[in-house]
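This report walks through one protein model, from its overall make-up down to single residues. Keep the coordinates open while reading.

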Amino acid sequence: MTAPALITPLTLAERRIAQHVVNGLPARQIADTETLSHHTVRSHMRALRRKLHCPERCSLAVVAHRLLSANEATAPSSEAPAPDLSTEQMSLLRAVTEHSRPLDIARTAEIAPADLRAALDQLLADTGAPDTTRLVAWSHGWNLLTVEQTSTAQSGASQ
């Protein structure tokens, strides 16, 4: 496994945007909350992605995971206690933190691509998360995604 690329530290403005992303706000709502234009928010998002080494089409779940892993944002707390996830669900959760394309998520989690949507829906239902971005953020707060667990999953996926 190759070591993950070091990220460039975020500016204060980028950190504010990053925290909103981790909290699950869409770009337009971030713009309203920060009293910025949506163009400015998009510009900050491009900078975030560049600094995190995330391609432009990288999912927000992957962006949130990288932000939280780099301590560039704080995991929001979920009112629900940490769920007891199966080995298969943990594998799917880790795959969502690493990949954006459904086919890549399915392959990494060793799920048939046709079954991915149902497996994700079940994982969201079991955790109470409204979407994968908040699932990843809450999972960091529940300490389900530690650096060691993610590194182990990445080394296994790269072999």
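A helix here is a DSSP run of H or I with at least four residues, and helices are numbered from the N terminus. Helix 6, residues 102-109, is one such run, and alanine 109 lies in it. The model is a predicted one.

## Overall make-up

The protein has 9 helices and 0 strands. Read from the N terminus, the order of elements is α-α-α-α-α-α-α-α-α. The chain has 159 residues, and 42% of them count as buried. Among contacts with a separation of 6 or more, 63% join residues 24 or more positions apart.

Alanine 109 has a relative accessibility of 9%, so it counts as buried, since the limit is under 20%. Threonine 108 has a relative accessible area of 25% and is therefore partly exposed.

What does alanine 109 touch, leaving aside residues up to four places away in sequence? The partners are Ser91, Leu92 and Ala95. Alanine 109 and glutamate 88 are 21 residues apart along the chain, and their C-alpha atoms are separated by 7.3 Å. Threonine 108 and alanine 95 are 13 residues apart along the chain, with 5.7 Å between their C-alpha atoms.

## Helix 1

Helix 1 covers residues 12-22. Its buried residues are Glu14, Ile17, Ala18, His20, Val21 and Val22. Which helices do the buried residues of helix 1 pack against? They pack against helix 2 (27-34), helix 3, helix 4 and helix 8 (132-141). Glycine 24 follows helix 1, and its phi is positive, near 90°.

## Helix 3 against helix 4

Two packed helices are described by the angle between their axes and the distance between the axes. Helix 3 spans residues 38-52 and helix 4 spans residues 60-69. They pack at an angle of about 65°, and their axes are 11 Å apart. The crossing of helix 3 and helix 4 is left-handed. Helix 3 brings Met45, Leu48, Arg49 and Leu52 to the contact, and helix 4 brings Leu60, Val63, Arg66 and Leu67. By class, the residues of this contact are 6 nonpolar, no polar and 2 charged.

## Two loop residues with positive phi

Histidine 53 sits in the loop between helix 3 and helix 4. Its phi is near 60°, a positive value in a residue other than glycine. With 41% relative accessibility, histidine 53 counts as partly exposed.

Asparagine 71 is in the loop between helix 4 and helix 5 (87-98). Asparagine 71 is not a glycine, yet its phi is positive at about 60°. Is asparagine 71 buried or exposed? At 59% relative accessibility, asparagine 71 counts as exposed.

## Cysteines

A disulfide is a covalent bond between the sulfur atoms of two cysteines. How many disulfides does the structure hold? The count is 0. Cysteine 54 is in no disulfide, and the nearest cysteine sulfur, that of cysteine 58, is 3.6 Å away. Cysteine 58 is likewise in no disulfide, with the sulfur of cysteine 54 as its nearest cysteine sulfur, 3.6 Å away. The cut-off explains the result: a disulfide needs sulfur atoms within 2.5 Å, and the separation here is 3.6 Å, so the two cysteines do not count as bonded. Cysteine 54 is buried, with a relative accessible area of 7%. Cysteine 58 counts as buried too, at 8% relative accessibility.

## The aromatic pair

The structure holds 1 aromatic pair. The rings are those of tryptophan 138 and tryptophan 142, with centres 6.0 Å apart and planes at 65°. Why is the pair edge-to-face? Planes over 60 degrees apart count as edge-to-face, and these planes are at 65°, so the pair falls in that class. Tryptophan 138 is buried, with a relative accessible area of 15%. Tryptophan 142 also counts as buried, at 13% relative accessibility.

The side chains of the last two sections compare as follows.

| Residue | Relative accessibility | Class |
|---|---|---|
| Cysteine 54 | 7% | buried |
| Cysteine 58 | 8% | buried |
| Tryptophan 138 | 15% | buried |
| Tryptophan 142 | 13% | buried |

Key. Residues numbered from 1 in each chain as written. Predicted model: local features only at pLDDT ≥ 70, side-chain atom pairs only at ≥ 80, totals over all residues. Heavy atoms only, no water. Phe/Tyr/Trp six-rings, centres within 6.5 Å; stacked < 30°, edge-to-face > 60°. Buried < 20%, exposed > 50% of the residue type's maximum accessible area, 1.4 Å probe, protein only. Axes fitted to C-alpha atoms, helices over the stretch in contact; angles between N-to-C directions. Left-handed = near helix turned anticlockwise from the far one by under 90°. Contact = heavy atoms within 4.5 Å. Nonpolar A, V, L, I, M, F, W, Y, C, P; charged D, E, K, R; others polar.
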